[in-house]
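Hi,

Here is the structure I promised to send over. Have a look at it first, and then read my notes below.

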Amino acid sequence: MRVNEKYSTLPAEDRSVHIINICAIEDIGYLPSEGTLLNSLSVDPDAECKYGLYFRDGKRKVDYILVYHHKRPSGNRPLARRLQHADAALAARPGRQDQPLPGKGGPVGAGEPEPPMDYHEDDKRFRREEYEGNLLEAGLELERDEDTKIHGVGFVKIHAPWNVLCREAEFLKLKMPTKKVYHINETRGLLKKISSVLQKITDPIQPKVAEHRPQTTKRLSYPFSREKQHLFDLSDKDSFFDSKTRSTIVYEILKRTTCTKAKYSMGQGEGRKKDPALLSKRRKCDEYGITSLLANGVYSAAYPLHDGDYEGENVEFNDRKLLYEEWASYGVFYKYQPIDLVRKYFGEKIGLYFAWLGVYTQMLIPASVVGIIVFLYGCATVDENIPSMEMCDQRHNITMCPLCDKTCSYWKMSSACATARASHLFDNPATVFFSVFMALWAATFMEHWKRKQMRLNYRWDLTGFEEEEEAVKDHPRAEYEARVLEKSLRKESKSKEKRRHIPEESTNKWKQRVKTAMAGVKLTDKVKLTWRDRFPAYFTNLVSIVFMIAVTFAIVLGVIIYRISTAAALAMNSSPSVRSNIRVTVTATAVIINLVVIILLDEVYGCIARWLTKIEVPKTEKSFEERLIFKAFLLKFVNSYTPIFYVAFFKGRFVGRPGDYVYIFRSFRMEECAPGGCLMELCIQLSIIMLGKQLIQNNLFEIGIPKMKKLIRSLRLRHRSPPDHDEYVKRKQRYEVDYTLEPFAGLTPEYMEMIIQFGFVTLFVASFPLAPLFALLNNIIEIRLDAKKFVTELRRPVAVRAKDIGIWYNILRGVGKLAVIINAFVISFTSDFIPRLVYLYMYSEDGTMHGFVNHTLSSFNVSDFQNGTAPNDPLDLGYEVQICRYKDYREPPWSEHKYDISKDFWAVLAARLAFVIVFQNLVMFMSDFVDWVIPDIPKDISQQIHKEKVLMVELFMREEQGKQQLLDTWMEKDRKKDEPCNNHNPKACPDSAEYPGGAL
């Protein structure tokens, strides 16, 4: 069969001139419309191909789509062009490299006036023609469609036939289900009864999906092999490779198929010789696959198709619609996720992300319950807290030193009563227990996820999947190959320069030319990028990261100066209500500023991290992703947590004392903590930043911005579309609808958002026990929001095999270990837990907390103020103040060593450091103990994996035994036939070539 006949879109009996004449008559204007006549003769051709899901013949499924921009006159096409389109497949001849692809579209007809040449567009067209020709040689089948509703956009539909799917599945070592079915070991006795009861209880919250039901049997899987096709169930070849697998196979072919023809890459043609920049670009980028072609604009997009529509009347049932109803709807927020169906539709990598997010959300439930109990305990005991009662008791009449120079006056400690009572809600003995609990929770969560991951690996046939197998698919990135080629060309030019200065014999010139040509082919295989090639990029990375971290610190410093100056300005206000709420006003406004800056810098740092990773030119996509994740996490971690670290560990630590304060730029006095400590302010800072990031990112970035982009894209495409009414009313093809969706940008933003949230939940949980609750509420919405985005708003991503969540697991472990250390310091240094213990057991006279507030305050004689720092209105309280109090452990003014650090300070500091050491080591030991006690692989899963291996060995042994028996049977038949020939009548023996035995 000829090539053009094989890929023709019309059956042989329909390829006649009469159809063309009908189209011609319509163009001339004698017929009202093409649709009217065709509908009277046959069914809608778009319905036959299921509106773009199949080729025009309605039999070959579209596995992948390539999109490109082309220039053509707007409105109806000329008659000559339409004639050529209809006859394109017939006009082509075997062996022509530039033959048009079947479908609606093709080269401009000879009868048209040629538009002015655009050499860049001409170059892209040449690249596409050669690339698509190479795809045909690789066995793929293509069909072009330029007659679309989207003006100036053409589509190439790709179909992988059965033989190509088998070849690539064997190459990629895809594990496929065999005919062998075995029973999964079920639990017995009490465990079986408990599991059945739990199954009945949880049945209402299970998704109504076949893949989610508990399976009692499983098919044995084995890497696909064309030699062992008899092992697999090939009764239905159309469904043996699902749409996810087919698109993955086609994508692998697209990645490794190259276009290297010299007819355009070396700049043939008069116009091309005049553009040296274009020539240089061609020479660098002309031998790579689809990634390079997308980067250079040869194709504008490449994506697999969704299975169909997800809503509307008369929509054919498909996996996308099922996912939308049972997973991507907010009405099913209380149900489990259909993870197996998610994996079937999107692939293992995305399935693992949603499985991890589901496990994380489930584990937040017990953490939220315990956090609520701790918070309620603080509410119940707030009236019994003696230190806060003493601070609120106006009978103590404690006069505090001014909070700022000149404009601030003396103030009563009882005015901070509300802050002190609120601090007890989060600063109580239960907080220490909650910190220990959350450290163990983090360790349990990591172990639970590892076990869940192993179960998914077993269920998804990934137990034998290793990174070495994935390396087969791990092609070098296009940018890396371009840099290598550039380096090889430089070496080649240098070697040519050297050879010019060395005289050669005439007899060796031809030999040298052959060597040079061979070197040009093989040079890139030998050349690699070394650390010297990357040193400028590494240096730029280091300088840029240090600079951006410095920018973050500078912004925090600016907010600190804002807080100090605003507090001083509000202190001059004549309104008593304003002056009494200075601390709350300053804290709230400063936190909102921090929140806005964090959200903006998150976006900026994400773009900068990607740019820094690009200039490093990593070799593979995996290396690129890991380096990008590390940089983005480092920058976003510093950006999100620096303001919180300042309040937790630096605010109020380096203020000095009255009469000898520490100043920033010799003008701004360092701010102090409230008498009840900085923990309440830390709680406010943490809650506003955490909740603000979640609400703004979810509502604005994940919902608002994608919808705005989709609206702008649809308006732009509608503006570019032809004004023909019939064309406009015509239903869009599947690939046209998917083209208007947002491209898939990877899972890094999704993981990053959750990892930052995990940090808020674990790092400072001692100051905000309600953090797990707010994270749980956010994640319930986040799962459905992400699901809806993947199903309805994004193009279908290419399925990627993965057996774990990669570098994110190590980041989670690192955050969990860091959380233990940070919570130890928060409890020890930020809260008053340790000073209270020290006072209770060393200084209390009656064994109670009475007198604790007075013990933590030092005295200052107002006559010792530095010149120009005393209050402008010393009588603001109505009486003259001689001694004011401030929070510190220092000697009184009547002491011999006045204002020196007292012994109490060193006792409290020693207790704090001892607590950090004991807490850290104890909790680390308990976390490691949990890690050791809980096995990474569930026992039943390890047994099933071993059972699969045994069954596989038995299957192959039985197959070998069958082959041996068949061979023995044939040999026995040969022996019996040879015996009468040798003993009686040798001439009657048939020739050995005429019976099967002779073939052995």
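How many of the residues of helix 32 are buried? The answer is 14 of its 15, so to speak a mostly covered helix, where buried means under 20% relative accessible area, exposed over 50% and partly exposed in between (1.4 Å probe, protein chains only). Helix 32 takes in residues 748-762 and reaches 21 Å from its first C-alpha to its last. That is close to the 21 Å expected at 1.5 Å a residue, the expected span being 1.5 Å times one less than the number of residues.

Before the rest, some housekeeping. This is a predicted model, in which local features need pLDDT of at least 70 and side-chain atom pairs count only at pLDDT 80 or more, while totals for chains, interfaces and linings use all residues. Residues are numbered from 1 along each chain as its sequence is written, and side-chain values use heavy atoms, with hydrogens and water left out.

On the whole chain: there are 38 helices and 15 strands, taken as DSSP runs numbered from the N terminus (helices H or I, at least four residues; strands E, at least two). Of the 1000 residues, 47% count as buried. Contact means heavy atoms within 4.5 Å, and among contacts between residues at least 6 apart in sequence, 81% join residues at least 24 apart.

Now two helix pairs. The axes of helix 21 (residues 429-459) and helix 34 (residues 807-830) come within 10 Å and cross at roughly 170°. Axes here are lines fitted to C-alpha atoms, for helices over the stretch in contact, with angles from 0 to 180 degrees between N-to-C directions. The two helices are therefore roughly antiparallel, a label for angles over 145 degrees. Residues that meet there include Trp-449 and Lys-450 in helix 21, and Tyr-809 and Arg-813 in helix 34. By class, this contact has eight nonpolar, two polar and three charged residues (nonpolar: Ala, Val, Leu, Ile, Met, Phe, Trp, Tyr, Cys and Pro; charged: Asp, Glu, Lys and Arg; polar: the others, Gly among them).

The axes of helix 16 (residues 319-326) and helix 17 (residues 339-346) come within 11 Å and cross at roughly 145°. Among the residues making the contact are Asp-319 and Arg-320 of helix 16 and Lys-344 of helix 17. Six nonpolar, no polar and three charged residues take part.

Last, a loop residue: Ser-902 lies between strand 15 (883-887) and helix 37 (903-933). Ser-902 is buried, at 8% relative accessible area. Beyond its neighbours within four places in sequence, Ser-902 touches Tyr-889, Arg-890 and Glu-891.

Cheers

Key: Angles under 35 degrees count as roughly parallel, over 145 as roughly antiparallel, 65 to 115 as roughly perpendicular and the rest as oblique.
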